[in-house]
Structure formats: C-alpha cells, structure tokens
Amino acid sequence: MTEYAAQIMPERSPLALVAQNFGDRPVPRRQFRMSVADRLWRFVAFAPGVAVTTLLVMGFIHWFQTGGVTLVEGSAIALIGITFIWVSLSVSSVLVGLLRMAIAPVKRHETRDNGGAQNIALLIPVYNERPADVFGNVQAMLKALAERKGVDRYSAFILSDSFDSEVIEQEERAFMALQTRCPADVNVYYRRRSRNTDKKVGNLSDWLENWGGAYEAMLVLDADSLMSGTAIRHLSRALAQDPDAGLIQSFPVVFGAETLFGRIQQFSNTIYGWLLAEGLSVWSQREGNYWGHNAIIRTRAFAESARLPYLKSWRGHEKLILSHDFVEAGMLRRAGWTVRFLPHSGGSFEEAPQTLIDYVLRDRRWCQGNLQHLRLLTARGFHPVSRYHLFQGAAAFLLSPAWLALIIIWTVIGAAEPNEAHNYFNASHPLHPIWPDKMQMESWVYLAIVYSMLLLPKVIGMVALSCRRRVRQAYGGLRPFVASVLFEIMCSILYAPILMIQQTIAVARALMGIGGTWMPQVRNNRGYSWRAMFRFHILETLLGVGLVYGMWADMVSLWLMPVAASLVFAAPLSKLSSWRVKDGRFQMMRLDTPHSLREPRIVKAARAEHAAFTAYLEHQPLATAAE
C-alpha cells in the first residue's frame, strides 16, 4: 500500500492494472481494416520523402563514384540519406496536411452531447511546481466547465509528488482555497505521496489502482496545461462517441511566452505547427501518438493494456521507462484500442521553456527516455506505425550527432575531378587540402537543398495563412506578419547549430548513463548570468573558434560560416534568448500571434486566477485579491 503524506480524496474505487510484458503478443480486442483512401493518404505522406531522398543519395553516389567510393565518402553518403529523409518526411507531412485541408476544410463545432454520460477525472500531477499557477489553472478550467452544463461529470485531482517544504505548505493552503471557490457541482481532491516512486508513471498508476474504478475516463494534464471548457467537453464527447478509442490527443498550442526564445517557439508552433499536426492526423489515423498531457484516456483500456513493465539494463537492473507516453500509446494500439489525434479541436494550451538553457535541460531529460525506445522496436505486437513513432522520438535526438558527423566529414573530404580523384593534399602543404571547384559548387548546392527543405514548411504555412484576410488581420496585418516570419526564420537559423551541439551532448550523456535529475521547468524570465552562459556553452564556443580558424587557414569551406558564427556567439545568443520581447518596440521582434495580440478567454481567466492565488499565498485575503 502506498503511503500518503496528505490526502483529501474520495472513497477508494480500486482498478486492477494488468501486468504487461514486451515479450508477449497480446490478443487484440479488435482488428481494424484500412480503407483504400486511408492507404492512399499514408502512401502520399511517406512516398515523396523517400523518393526525394533516394534521388539525392543516388546523385551523391554518382558524384563520388569517380575513382571508387571510399569508406569516408560512403559514410558521408549514408549520413546524407539518414539526415535528409527526416527533413523530407516533415515536408511531406506539411504538404499532406495542406492537401487534406484544401480537400476537406475543417468545420469547427462542438461535439454533440450523445454517446452516454461519463465520470471524468482531470488529473494534474505536480512536482515542486509553483502552486499559484497550478491551482490558478485548475480554478480557471473548472469555472469554464461550469459555465455550460453537459452530460459528463468532472472531478479534479491534484496529484502531488512535491518534496520542497515551502511548496508543500503552499499547495495545501492553495487547495483549501480552491475548495471554497470551485463550482458547487465539481469535486476537487488533493493527494501527496510520501515517496516519488516511479515518478509521473507511478503517480498516475497509484491513482488508477486506488480510485480509477469510479471513472470512465481520465484527462491527463501537466502543471502548465490549460484547456478551455469547450476543448475539454469536445475531447470527452469524442471519447464517448467512439467505443474503440483508447486515447484521444489534442493539439496543444504554446502560450504565455514573453522572452525571445519562448516567442520563437510560440510563433513557430502557430505558423506551421498546425499543418504538421494536420498531416500527422492524416497518416497516423488509428495509430496516433500520445504526448503525455492534454489528452483523454479510457481508464479501463489503459489499466488492461498500458501498465509499463520495467526495462532490464545491460547489467540486469530494472529501469523505469522515462518517456512513457509514446510507449503507452503503442501498448493501447497493440491491445486493439485506437489512438486518435484531433489537430483542430482548439482551446488546448501548454507553456514552453523561456530560455535556451531551460530548453536544453528539458531536452536532456527527454533524450534519455527517447533513446530507450530503440530497445522497444522489436517488442512483440506493436503496430508498424507505433514502432515508427518510437523510432521517430529517438531519431529526433540522434539526428544532431548525425548532422555534426556530416559537417566534420564534409570539412575533410571532397569530390575531385575525375583525373584528380582524392589528390587533396600535396607535399608542400601536407595539412592544407585543396578542394576542386566542382566540390565547392556541389557543397553549396547541397546546402541550398537542405536549407530549402528545412524552411519549406514555414514558407508553406506563411503563404497558406497570409492568403486569408481574416488571418492576416489576426496577426496584425500582412506586412508585420511576413516580417515576423522572416525574423523567426533568422533566429531559428542562428540557434540551430547550438541546439545541434547540445543535443549531441545529450545523446552522449545518455549513452554514458549520465542522467539528468528531473526538476520542474523554470517558468519565469530571469535568465542566467554571463558566467553561467559561458560555462554552459564552452564547447560550442571552442568548436566555433576552431571552424573560424579553419576558414582563415583555408582548411574549412566557407559554406560553414553560418554554423561557425552561431557557435562562436553561443553564449551571447543564449543570453539574448531570455530577452523580454513581449513589450518590445519593434513589432516584428515581438513575434506576435493571434493569441498574444488577443488573449483567449481561458488564458485571461487563468492569468487572473494566478494573481489571486499568488496574493492569497502571500497572506492577503483571497476575495480582495480576486476582485
């Protein structure tokens, strides 16, 4: 029995979690057959990316083959194929999303109240988070739900794993205030575990085992999650109307960013994230994915099929699966439940890291878990698309060392003219390679292709949005909208090489077993000192200086200048990432979105609740603060 340090919970309603084994092949509750249209959409999503990558690789093989392809050149070709396939597949997803939207435009409406009433639990796992923000979000969501009565009944559970004494004291006080202020027909509960056993997975499993039996569904939220009442009801009704659905994932939009780096993520998410999301829903179909929050899950389906077993380490020790969400989605699907994605449900929000360093530290935690997915690719019973999701999560981090290796190889080898193959060095300059003109030209061609493919999703999103007058007005007009897109692209190019090095470090740390301690995300805008910046980015700075020296000595191609400049100025760029641009003078640098120019109602309500709970926790009367 789990020990609790504090709990104000309903009567227990146990729900047994069925043990799972990745070596077993469970019998699915139902088999699904794909329609011809679904097969066609999936083919269109993957075939063009594979075809373009194949043509590019064949072109490089033809380029290198004079005099025979060396081992180093073969490695370069392989890395080109590996890196480019993921770029091209993302472009394919965007194009498929655009095509689907053109063929069948989305009609936004709230799902009707049919399909049977449900008891739904809103689960908010917290770990040393800022209580005023957590409870403020919960209060705003509960009030939004109470504004319109539906057939479903909701209860909110704050499931705490906090250990900081000050945070614990504030959580308990905030909960007492929440009890007095929440709508009368909504129950709110609070539970804090004595030990953080199995982290978030253990936190949710504990709730399922002890209270899950009383609820048909659980809507899992993060500490920074925020959903409108309409969005919550939409997910609830979608689950009720689809008896085969085990999980339905919404598309969270980034909100509340005030710094440069936060606004880059928020703006990018708004410009082309919606097209990626639409494309993902088209080709994933019943084999969608789970992002760990802002999703509704059928409790009994999860309990019967998605309890995570431990992984055996190389030394035989049991290890917790860290990035659990992708795996749980795959386990639901292999048991015969569908995993769906609603890309345009609206009203689903999440926060993003406000500085580059906070983003990198979060990536290190995710990297360790995502690389575990590689060991699950051979697990029995997983659908091929579920395996692709698992591999894609690991590849998102492995691509960075692949890009870095390709850059290193590209600075060492070249493609000589047929009669000069591999004669890059001579006796008078043994350390000074002399690349033929053709190689320089092909380098720029390759760079142009890669940059074009990386930027194409953003350009497509910009064009698609700017074609609609109403959307242009929502962004403040066409001119500031286009200027903001160009500014965001410039910033993304500057930060990409730094992220490449940092993700390579994350992969190296994970492979060496150096795990990062999980700490709550920093949600303020204080930034870091200059000393901390230079210490954190010392490797990028040294690599950048080395590249600049190589260019000065004619040992490195000038096409790497954008990469070198970014790395040399890694620390200043990192410091710049915490610059508060929300109230900046120049409009394009504010990277405004419709949600920043006109706050959604639920975001405005949550902001007011944050202020009210903050005032209360600072020993001011809550009623006065709320006014």
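Strands here are DSSP runs of E with at least two residues, helices are runs of H or I with at least four, and both are numbered from the N terminus; two strands pair if DSSP finds at least two bridges between them. Pick S160 next, and you'll find its bridge partner in β4 is R192.

A quick word on what you're looking at: the model is predicted, so local features need pLDDT of at least 70, side-chain atom pairs count only at pLDDT 80 or more, and totals for chains, interfaces and linings use all residues. Residues are numbered from 1 along each chain as its sequence is written, and side-chain values use heavy atoms, with hydrogens and water left out.

Now bring up the whole open sheet, 8 strands with mixed pairing, in the order β1-β4-β3-β2-β5-β9-β7-β12. Its edges are β1 (4-8) and β12 (338-342), each pairing on one side only.

Angles are taken from 0 to 180 degrees between N-to-C directions, with axes fitted to C-alpha atoms, for helices over the stretch in contact; contact means heavy atoms within 4.5 Å. Helix α10 (residues 324-334) packs on the sheet too, touching β7 and β12, at about 125° to β12.

Last stop: L542, in helix α17 (residues 538-552). Its relative accessibility is 55%, so L542 counts as exposed (over 50% relative accessible area, 1.4 Å probe, protein chains only).

Technical notes
Buried < 20%, exposed > 50% of the residue type's maximum accessible area, 1.4 Å probe, protein only.
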